[in-house]
Amino acid sequence: MASVIIAGVGSFLPERVLTNEDLSKIVDTSDEWIRTRSGIRERHIANEEEACSDLAVKAAKRAIADAKIKPADIDLLIVATASPDLMLPSTACIVQRLLGIPAHTTCFDIAAACSGFLYALEIAYAQLQTYRYKNTLIIGAEKLSSVVDWSDRTTCVLFGDGAGAAVLTKVDQSDIGILGSDLGADGEFVDNLYIPAGGSRSPASVKSVETKKHFIQMNGREVFKSAVRIMETVAREMMKQHQLTPDQISLVFPHQANSRIVDALANNLGFPPEKFYVNLDRYGNTSSASIPIALDEARRAGRIKPGDLTLMIAFGAGFTYGATLVRW
C-alpha cells in the first residue's frame with residue numbers, strides 16, 4: 001500500500017524576543033509569576049510590518065527546501081491559522097502568490113485554532129490518497145500578538161508569533177508516514193476561549209473596539225481542565241487503536257500551551273518527561289504553529305530518526321482536539 005509521509009519540515013520565528021522581564025514593564029506581572037503558572041520565559045513577537053502570511057512563507061520555503069522540491073511542485077496548499085491576514089481572501093491565497101505556486105493549485109485556510117496543524121495534516125492525508133494531488137504544503141502560522149490585549153496579564157503573557165510548515169507526499173511503501181489520526185471537537189465550550197467580535201455575529205463597531213472585544217478572551221481554569229482531560233483521552237484512543245505502549249513511542253509532541261498541562265498529560269499517560277518535546281519556555285503558545293515548530297526543531301536537533309514512532313497531540317479553541325501517529 002502507498003503511504004503518506006512528511007517529506008520536509010520548516011519553521012520561522014520573528015526576530016524580536018519579548019521576555020517576561022520586558023512584560024513586567026507593560027503589565028502588573030513578574031518573571032516568577034509567569035514561569036510558575038505557565039513555564040514560559042520568553043516569546044517571539046512579529047513587527048508591525050509582518051503579517052501572518054509573511055511568517056508562513058518563510059517557514060514554507062524551508063519546508064519545501066527540506067523536501068527537495070520546488071514551489072511549482074505544490075498542488076495543494078492549506079494554511080491553519082487563527083490570525084489570518086484578512087477576513088477574505090484566505091491567507092493561503094496570499095501565501096500562494098508570495099511563493100510563486102502555480103495558479104491551478106488548490107488553496108484554502110482552516111480555522112481549528114491550536115489543533116489546526118493536525119486538522120490540516122488529516123485533510124492533506126485524505127486528499128493525497130485520492131491520487132488527485134502529489135505534493136501538499138500545510139502551514140500552521142500565527143501572529144497572535146495582533147489579537148492579544150496587552151493590558152490583560154492573564155492572556156498577553158501566554159502567546160507568541162511564529163510559523164511551521166510541512167510538505168506531504170505519497171510513497172510506495174507501507175507502515176511509514178501517517179499511520180492514523182483521531183480528531184474531534186466539542187462546541188459546548190466555545191465561550192471558554194474565543195474572540196467575541198469581528199465576525200458576522202458581532203461586526204466591528206466603535207463599541208466593540210472600545211470594549212476590547214477583538215482580542216482573545218479565556219477562562220483559564222476551564223481551559224486547563226479540559227485540555228488535560230481531552231488530550232489524555234484522544235492520546236489513549238490513538239495508542240489503543242494501534243496497540244501501543246509508551247515505551248514504543250520515541251517522542252511525543254504536545255501542543256505547547258502550558259508546562260503544567262504538559263506535565264499532567266505526561267504523568268497521566270505514563271510517559272517519562274524526557275519523551276515529551278517541549279519548547280514553550282522559549283516561544284509561548286503559538287497556536288496552530290506550535291507542533292510544526294517543535295517538529296522542525298526536533299528534526300534539526302537529531303531527536304527524530306528513521307523508523308521512530310512519534311505522537312502529536314493538540315487541543316484548542318472550539319474546543320477542537322486531535323492526535324496523530326507518524327512513523328518516520
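I started just after helix α2, where Gly39 takes a positive phi of about 85°. Helices here are DSSP runs of H or I with at least four residues, strands are E runs of at least two, and both are numbered from the N terminus.

Notes on the model: it is predicted, so I kept in mind that local features need pLDDT of at least 70, side-chain atom pairs count only at pLDDT 80 or more, and totals for chains, interfaces and linings use all residues. Residues are numbered from 1 along each chain as its sequence is written, and side-chain values use heavy atoms, with hydrogens and water left out.

Next, α2 itself. Which residues of α2 are buried? I found Asp31, Ile34 and Ser38 in helix α2 (residues 31-38); buried means under 20% relative accessible area, with a 1.4 Å probe and protein chains only. Down the axis of α2, the buried residues fall within an arc of 80°, so they line one face of the helix. That arc is taken from the directions from the helix axis to the C-beta atoms. These buried residues pack against α1 (20-23), β3 (42-44), α9 (259-269) and α10 (280-283), contact being heavy atoms within 4.5 Å.

Then the sheet. Five strands form an open sheet with mixed pairing, in the order β1-β7-β6-β4-β5; strands pair if DSSP finds at least two bridges between them. β1 (3-12) and β5 (106-110) stand at the edges with a single partner strand each, so one side of each is left without a neighbour in the sheet.

I looked up Ala141, and its bridge partner in β7 is Ala163.

Key. Buried means under 20% relative accessible area, exposed over 50%, partly exposed in between (1.4 Å probe, protein chains only).
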